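Student: I would like to learn how to read charged pairs and surface patches in a model. Can we work through one together?

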Amino acid sequence: MGSASRKTFLPLDPVSFTDESKTVVDFIADYYENIEKYPVQSTVEPGYLSARLPDSAPYNPEPLEDILKDVSDCIIPGLTHWQSPNFFAYFQANASTAGFLGEMLCSGFNVEPNLLTDSLSSDPEILRNKASRSKEVVDYKDWQIALSRRFRALKLWIVIRRHGLANLMYHIRSDIAMAKRFEAFVRKDERFEMVVPRKFALVCFRLKPKAEEEDEGRELNRKLVEAINSSGRAFMSHAVAGGIYVIRCAIGTTLTQQHHVDDLWKLVQEKAHTLLINN
């Protein structure tokens, strides 16, 4: 049975690895091709996935196509799409083709960089000496060494080499230019104001309250952020600067272009107009 099982179960098979990896790459490429069709922020209710989970793990292997279908039908609807060009809430770790290639190599090699066995054998002794000096009791549990660091430098190395400094600088400058454009929109509309000066590609602004009371301004802008995010067309965040509730527009996603920034401003104006009428 052991021999038969070995023939039918190969966790790392170069042939199936090639075919299935291409299937997953195609799946990811299709995701990015259609990413703007998804609501930027997930609209599902908390716990929605629990009802879709089976009672136990599958006893027999399942086809990759079935697994990817579940990812598409069950997982993706629960995601907030950080790589969407309409994601303006935070500065995220951007995706790129070079980044994906680096991740593939990191996972493929699956090695521990700079692993020094000598240092591992003497870590307990170092901890014991420190405990003795500080007269503290140290538990062995505290001596366990995590051996799970990723080979991240390889990914960064590939990104820098594949894009080059010229393109990386262009990307940063392009984001800053779009932030300046959004800032100009804010300054031209008398209903809004810049709360703090723009910093690189981050714009902090707010809808002016009718009165000078900060509580009113906080509630008004909270509703504005909520209206923008619940539309599914964009995702923004908020912060408090000098005691003032502000809306954050962080421009940095790889796929964001000028027309996305223009559409965001139109959405902000649309939701602000509705709020002011209702108030």
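Student: Which side chain meets E183 in a salt bridge at 3.0 Å, N to O?

Tutor: Keep in mind that this is a predicted model. Start with the general idea. Side chains of opposite charge can pair when their charged atoms come close. Here the partner of E183 is R198, with 3.0 Å from N to O.

Student: Where do E183 and R198 lie?

Tutor: E183 belongs to helix 6, while R198 sits in the loop between strand 1 (192-194) and strand 2 (202-207).

Student: Is E183 buried or exposed?

Tutor: Check the relative accessible area. Under 20% counts as buried, and over 50% as exposed. E183 has 13%, so it is buried. R198 has 21%, so it falls in the partly exposed class.

Student: Which residues are joined with E183 into one network?

Tutor: Look for shared partners. Salt bridges link E183, R187 and R198 into one network. R187 pairs with E183, and their closest N and O atoms are 3.1 Å apart. Both residues are in helix 6, 4 residues apart, which is about one turn of the helix. R187 is exposed, at 55% relative accessibility.

Student: How many salt bridges does a search of the whole structure find?

Tutor: The search finds 12. Another of them joins D26 and K22, with the closest N and O atoms 3.1 Å apart.

Student: Why are D26 and K22 separated by about one helical turn?

Tutor: Count along the helix. D26 and K22 are 4 residues apart in helix 2 (residues 14-33), so about one helical turn separates them.

Student: What are the relative accessibilities of D26 and K22?

Tutor: D26 is at 43%, so it counts as partly exposed. K22 has 52%, which makes it exposed.

Student: Take I160 as the test case. Where does I160 lie?

Tutor: I160 is in helix 6, which covers residues 152-188. Its relative accessible area is 37%, so I160 is partly exposed.

Conventions:
Residues numbered from 1 in each chain as written. Predicted model: local features only at pLDDT ≥ 70, side-chain atom pairs only at ≥ 80, totals over all residues. Heavy atoms only, no water. Helix = DSSP H or I, 4+ residues; strand = E, 2+ residues; numbered from the N terminus. Buried < 20%, exposed > 50% of the residue type's maximum accessible area, 1.4 Å probe, protein only. Salt bridge = Lys/Arg side-chain N within 4 Å of Asp/Glu carboxyl O.
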